[in-house]
Amino acid sequence: MAGTEPVYIAGAFEHPTREAPDKSTMQLHAEVAKGALEDATLEKGDVDGFFTAGVPEYESGLPPLIMADYLGLEPSYADTTDFGGSSYVSHVGHAASAIRDGRCDVALVTLAGRPRSHGQATGSGARDLRTVQDSFERIYGATNVSMYGMAAQRHMHEHGTTSEQLAEIRAAASHHAQYNEHAMYREPVTVEDVVESRVVADPLHLLDCCVISDGGGALVVVSEDVRSNLDRECVELLGFGESIGHHDAGRIDLTKTAADRSGSRAFAEAGLGPEDVDYASIYDSFTITVLEAIEDLGFCEKGEGGSFVEGGTLRAPDGDLPFNTDGGGLCSNHPANRGGMTKVIEAVRQLRNEANPEVQVDADVALAHGTGGSIGTRHGAATVVLGREDR
Amino acid sequence: MSWDPRPVPDVTPETERYWTAAAQGELLVRECQDCGLVYHYPRSLCPDCFSERVEWREASGRGEVYSYSTARTMSGWPDDDLPLVLAYVELEEGPRLMTNVDADPSAVEIGTRVAVEFRDVDDAEIAIPVFVPEDG
C-alpha cells in the first residue's frame, strides 16, 4: 500500500527563454533550480533530494554526477529515471515515494536543454545508431514525426479520426498561447491554417508538431513538515502512476498508449476519476499524442477523441476540459524536446491561480500527463493528479 | 532507392543471422519452441516466456501494411530518397515489422498487400529487407 503522508509541490519555475545560444545547458539547469527554489521560498542548502534525467549534450558523461557537481548538491537521495519527455512527471512521483520513505524532504527536479541552438529541425532523422532497436527502426528513416504519423494514420483508419479534429488541438493551444508573453508562437491559428500547413509526414502537418525550443524548468517537491513552515501556497500531489508501452514483440497497437495504466493508477491513488479533473496538462509532442492520451486517460471512450475535442472542449476558460493553457509544446515551449516538466508547471500555476488571467480556470483538481519516447515504438507514460490545498 | 549514405544496421551476435539471411534472400523471424510466440525483432530469449529454446524461421515475406507515414522532408536524409514511406508491415506469421515500402506513396494504404525485397549495402554480407506492393 502506498504511503499516504501528504506531499506537496512548493516550487515551480519555467525558464522564460526559448532560444539560448549564449548559455550552456548546465547554466540553464542552475537558473531553473534557482528559480524554483525562490518560488518555493527555500534555499539551495535545503535540497536533499535531486532528480534529473539525461542531459542531452553530455551523454558521454554521467549526467547526475556532472549536474550535482555543477549545482553544488550533495543529496541524500538521487534519481535519474529517463523515460524521455515524461521523465519529469515520473520524478514528481518518485520524489513523493522518497519523501514518504524518509529519504529526503526537499526534492529538486530539473530539466534543461538547447536543441534549438543546435539547429535541430522538425522531422530530423537520427544518424546515430546506438541500440539494437535503432538497427531495426532508424535505418528505415524512422523519425519521431513519421512514427507519430503512423499512429495518427492508424487511428484515422480504425476510428475515423480526421485531420481537422487533430487540428482543433493545435487551434485550442494557440488560443491559449496568445496570452503567454513567452510563447514561441502567439498568433492564434485556425483548423484551416493547420490542415493547410505543409505535410511533414503524412498525415501530420507542420502545425501538428510541437516547437523546438531551448530552455528548461524545475520543480521543488516537499514533505508535510517542510510545507508547514512555508508561507507559500502549495499544491498537493493526490495521485501518481507510470508505465511503459512498447513494440510488444511485434504486437504494437499504434492507437493506444500506456496512459491507460499510468492514469488509472494515478486516479485510484487520488480516489478520483476523469470527471473530477478541472484542468489537464497533456503532453503534446504532436496533436495525435494529445488525442490518444485523452482517450487512454478515460476522458472519453477509445476512438471518440476526435469528436471529444470538437466544439471547444479543450479551450479555456469555458471548455469542459481546458488543456495546456500556456500554449503547450505545440505553441509555447518544448525545452530539450522533453515536455513533461512544463506540463506539471502549468498545472501548478492553474491550481495557484497563477495562470495567465484570460485562461485561468476555476480548478480544484488538475492532471498532468507525460508521454516520453515514441508511441510508434516505445514510450513512457506518467500521470500526476494534483489538488488545491483548500479544495 | 539508394542506400548510400543511409545508415546501415549495427550487426551484433544476436542479430547477425537475420542480416546475413537477408543477403541470401530470406526474411527470418524468431519462434519460441516453448510458448509458440513468433516475434520480431530478434532476441535470444523469448520476450513472452524467457525461454531460451528459440529458433529462426523463414517467413513467407508477405504481409499487409498495418500503418504508414510518408516523410516529405527529413533533415539529414538524401533528398533523392524523399518522399520516404515508413511503415509497419504485419507479416503473415503475425509480427508487425518496421520497414520501408519502396513505392510511389499513392500506391500505399493501410491493408495494401506487400512482399519483401532485399536491398544491398556496401557490406555484401548483409542486406536490408524492404517491401513493395504485391501488384506493383
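Student: How many salt bridges does the rule find across the interface of chain A and chain B?

Tutor: Two. The rule asks for a side-chain nitrogen of Lys or Arg within 4 Å of a carboxyl oxygen of Asp or Glu. This is a predicted model: local features need pLDDT of at least 70, side-chain atom pairs count only at pLDDT 80 or more, and totals for chains, interfaces and linings use all residues. Residues are numbered from 1 along each chain as its sequence is written, chains are lettered from A and ligands numbered from 1 in the order in which they are written, and side-chain values use heavy atoms, with hydrogens and water left out.

Student: What makes A:Asp202 and B:Arg72 a salt bridge?

Tutor: Their closest N and O atoms are 2.9 Å apart. The limit is 4 Å, so the pair qualifies.

Student: How many residue pairs are in polar contact across the interface of chain A and chain B?

Tutor: The rule finds 19, with both residues at pLDDT 80 or more. A polar contact is a pair of N or O atoms within 3.5 Å; within protein, one must be able to donate a hydrogen and the other to accept it, and residues adjacent in sequence count only if both atoms are side-chain atoms.

Student: Why is A:Glu295 called buried?

Tutor: Its relative accessibility is 5%. Buried means under 20% relative accessible area, exposed over 50%, partly exposed in between (1.4 Å probe, protein chains only). So A:Glu295 counts as buried.

Student: Where is A:Glu295, and what does its side chain meet?

Tutor: A:Glu295 is found in helix H10 (residues 287–296) of chain A. A polar contact of 2.9 Å joins its side chain to that of A:His155. A polar atom of the A:Glu295 side chain also lies 3.1 Å from the backbone nitrogen of A:Gly303.

Student: What makes A:Gln27 partly exposed?

Tutor: A:Gln27 has 26% relative accessibility, so it falls in the partly exposed class. This residue is found in helix H1 (residues 25–39) of chain A. Leaving aside neighbours within four places in sequence, A:Gln27 is in contact with A:Asp22 and A:Tyr70.

Student: How do you know that the buried residues of H1(B) are on the same side?

Tutor: In helix H1 (residues 16–23) of chain B, the buried residues are B:Tyr18, B:Trp19, B:Ala21 and B:Ala22. They cover an arc of only 160 degrees around the axis, which puts them on the same side of H1(B). The arc is that of the directions from the helix axis to the C-beta atoms.

Student: What makes B:Glu92 and B:Arg113 a salt bridge, and which parts does the pair tie together?

Tutor: Their side chains meet at 3.0 Å, N to O, so the pair passes the rule. B:Glu92 lies in the loop between strand E5 (84–91) and strand E6 (96–100) of chain B, and B:Arg113 in strand E7 (residues 113–120), so the pair ties together parts that are 21 residues apart in sequence.

Student: Why does B:Glu134 with B:Arg113 also count as a salt bridge?

Tutor: The closest N and O atoms are 3.8 Å apart, so this pair also meets the rule. B:Glu134 is partly exposed, with a relative accessible area of 39%.

Technical notes: Helix = DSSP H or I, 4+ residues; strand = E, 2+ residues; numbered from the N terminus. Contact = heavy atoms within 4.5 Å.
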